[in-house]
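Subject: Structure handover

Hi,

Here is the structure I promised to pass on. Please open it first, then read my notes below.

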Amino acid sequence: MQEQDFILCECELASLRAFVASIEENFEVTIAKAPSTCMTMIRAQDTVELQEFYLGEALTTECEILVNGQRGYGICLGDEPVRAYCIGFIDALTQLPGADLQAVYTFLNEQLQLIRKAEQLEYNQIMRTRVDFKLMEQE
Amino acid sequence: MGYVAVKGGTEAIHNASELAEFYRIKGDTPPIDIQQIRAQMRLAIDKVMGEGGIYAPEYAAIALKQAEGDVYEAAFILRAFRTTLQRNYYSYVINTREMFVKRKISASFREIPGGQILGPTRDYTQRTLDTAKATETSIDIDAFLNSFGAKVDPEKMEGISTFGKVIDLLQQEGLLAPPDETEDRRLVDITREAIKFPAPRSARLQMMARAETGGLMALGYSSQRGFGSVHPTVGELRYGNVPVHVQDAGGRKRYIGKIEVTENEMITGSKAAKEGAPPYFTIGYGLCFGHNETKAICMSTLDTTMRRPENGAPANDQEFVLYHTEGVEAMGFTNHLKLPHYVTFQSSLSNTRAAIERNSQAGKELEQQLIQMQSV
């Protein structure tokens with residue numbers, strides 16, 4: 001579930017929108033709660049004494065979608081109505097008893113590969129700045 | 001002196017607002033795209049989000065555009081916008097140990113878990129004005145991106161890793177002060193509950209997380225210079241992404257995205273609590289939205305100073321620090337001085353004139369008495 005959400009929150013919106021558009025006509029979709037923005041308070045804690053505190057709020061979009069009567073919730077950071085709808089739709093679909101999810105899993109796997117590849121590239125670009133400073137007397 | 005309500009002037013106010021908009025765009029240049037602001041004014045966006053107390057990069061970009069680049073005003077706009085939306089979720093506690101690290105350095109230890117990673121920084125380069133930026137073209141940008149991208153060999157990429165923390169080294173050696181059992185550790189929300197002093201540490205950290213960077217820097221710096229006498233060292237400064245999870249209406253834990261944060265643990269030497277007891281190190285903690293190292297460093301410095309009120313310097317005084325670094329309130333109060341104060345000023349003017357008159361009258365009477373005395 002969390003990996004599914006991770007992929008759907010981090011993948012390219014255009015791909016996600018196109019994928020959902022390609023399969024949603026096979027189902028009876030009802031928007032129980034249209035995508036709307038709200039706030040999420042971010043909880044944090046200091047790393048030594050574990051004192052919890054509120055860091056601030058984050059803009060969030062949420063919606064509720066029914067797919068063949070199965071309820072799904074779409075939640076993501078930002079003002080992202082299309083993404084929230086797609087997350088809600090796939091959330092409902094993946095809980096729908098008897099649904100053929102092969103296309104969904106294929107899409108999720110493809111997107112995960114793309115996300116991981118982009119992350120790994122950025123990580124390696126960052127790692128080029130790793131340094132081992134020498135003290136002056138070591139020269 | 002207080003300000004007074006006035007009426008009228010609607011047309012002039014409307015025209016003034018229109019004139020401000022005219023001044024924003026009168027240069028007849030192409031409109032700045034919000035995505036351009038997001039991408040190329042990264043640090044300004046982060047400052048606006050941090051001080052507005054809301055993580056919303058796109059909205060911060062809009063606010064910055066609307067405010068013609070005034071970070072205070074943009075943070076004010078975001079802070080006001082925040083109140084228009086319902087808070088429907090509280091996240092699970094974010095875990096900075098899971099951070100996708102983009103920068104990680106320590107000034108205390110040369111060798112740290114995973115090594116020192118400089119990340120995107122200008123700390124070690126000269127601040128010379130790059131006049132080539134004035135003529136930068138899309139072709140220049142493409143050329144740089146292609147060249148930069150080619151510097152990583154796709155065949156030799158290392159796997160992504162998270163990193164242990166520097167403070168763990170100190171903790172393992174038992175060098176950190178044990179938590180003060182008498183400290184107020186309640187979790188309060190300063191957006192829902194008026195702050196009272198002494199404030200719980202959670203309130204202090206929350207207020208500093210959305211405080212104005214310059215204010216925090218002024219007070220943090222005052223302490224570093226000796227007013228309050230905290231001599232801190234950066235234990236570990238990190239910047240990167242952390243995942244955010246919430247519980248949905250069905251009770252399931254859901255990933256909803258990632259936010260960028262800057263975190264700093266500041267190490268300070270501490271005197272022994274009692275005579276004969278060993279000295280310890282204490283850690284001041286700083287965490288804020290986006291990439292804002294000055295803020296995280298000063299927040300962690302002030303986290304330590306406010307736990308030592310006996311030093312008596314401004315940076316050790318909770319009320320002084322927290323009220324005067326609250327940028328939106330400070331800006332609001334400062335700017336309210338421009339509002340009409342006619343009645344109260346007229347009253348003050350009358351009192352001053354009367355006092356001068358009385359003084360002048362008394363002077364004349366005194367002069368008369370002196371003349372009379374001289375004539376006797």
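I start with N68(A). N68(A) counts as partly exposed because 15 other C-beta atoms lie within 10 Å. The cut-offs: buried is 20 or more other C-beta atoms within 10 Å of a residue's own, exposed is 12 or fewer, and partly exposed is in between, with C-beta atoms placed from the backbone. The phi of N68(A) is near 50 degrees, a positive value in a residue other than glycine. N68(A) sits in the loop between β2 and β3 of chain A.

A word on the source. This is a predicted model, in which local features need pLDDT of at least 70, side-chain atom pairs count only at pLDDT 80 or more, and totals for chains, interfaces and linings use all residues. Residues are numbered from 1 along each chain as its sequence is written, while chains are lettered from A and ligands numbered from 1 in the order in which they are written.

Now the strands of chain A. Helices (H or I, at least four residues) and strands (E, at least two) are DSSP runs, numbered from the N terminus. Two strands pair if DSSP finds at least two bridges between them.

What does it pair with?

- β1(A), residues 29-45: antiparallel, over 14 bridges. T40(A) has A58(A) in β2(A) as its bridge partner. The hairpin of these two strands has six residues between them, and L50(A) there takes a positive phi near 60 degrees.
- β3(A), residues 70-77: antiparallel, with eight bridges to β2(A). Y73(A) in β3(A) stands opposite E64(A). This hairpin has two residues between the strands, and N68(A) belongs to it.
- β1(B), residues 54-55: parallel to β2(A), over two bridges. Here E57(A) faces I54(B).

One general point for viewing: in a regular strand the side chains alternate between the two faces of the sheet.

Two spots in chain B deserve a look.

Is D28(B) buried or exposed? D28(B) is exposed, because 5 other C-beta atoms lie within 10 Å. Its phi is near 55 degrees, again a positive value in a residue other than glycine. D28(B) is in the loop between α1 (10-25) and α2 (34-40) of chain B.

The peptide bond from F197(B) to P198(B) is cis, with omega near 0 degrees. P198(B) lies in the loop between α7 (166-172) and α8 (201-209) of chain B.

Best wishes
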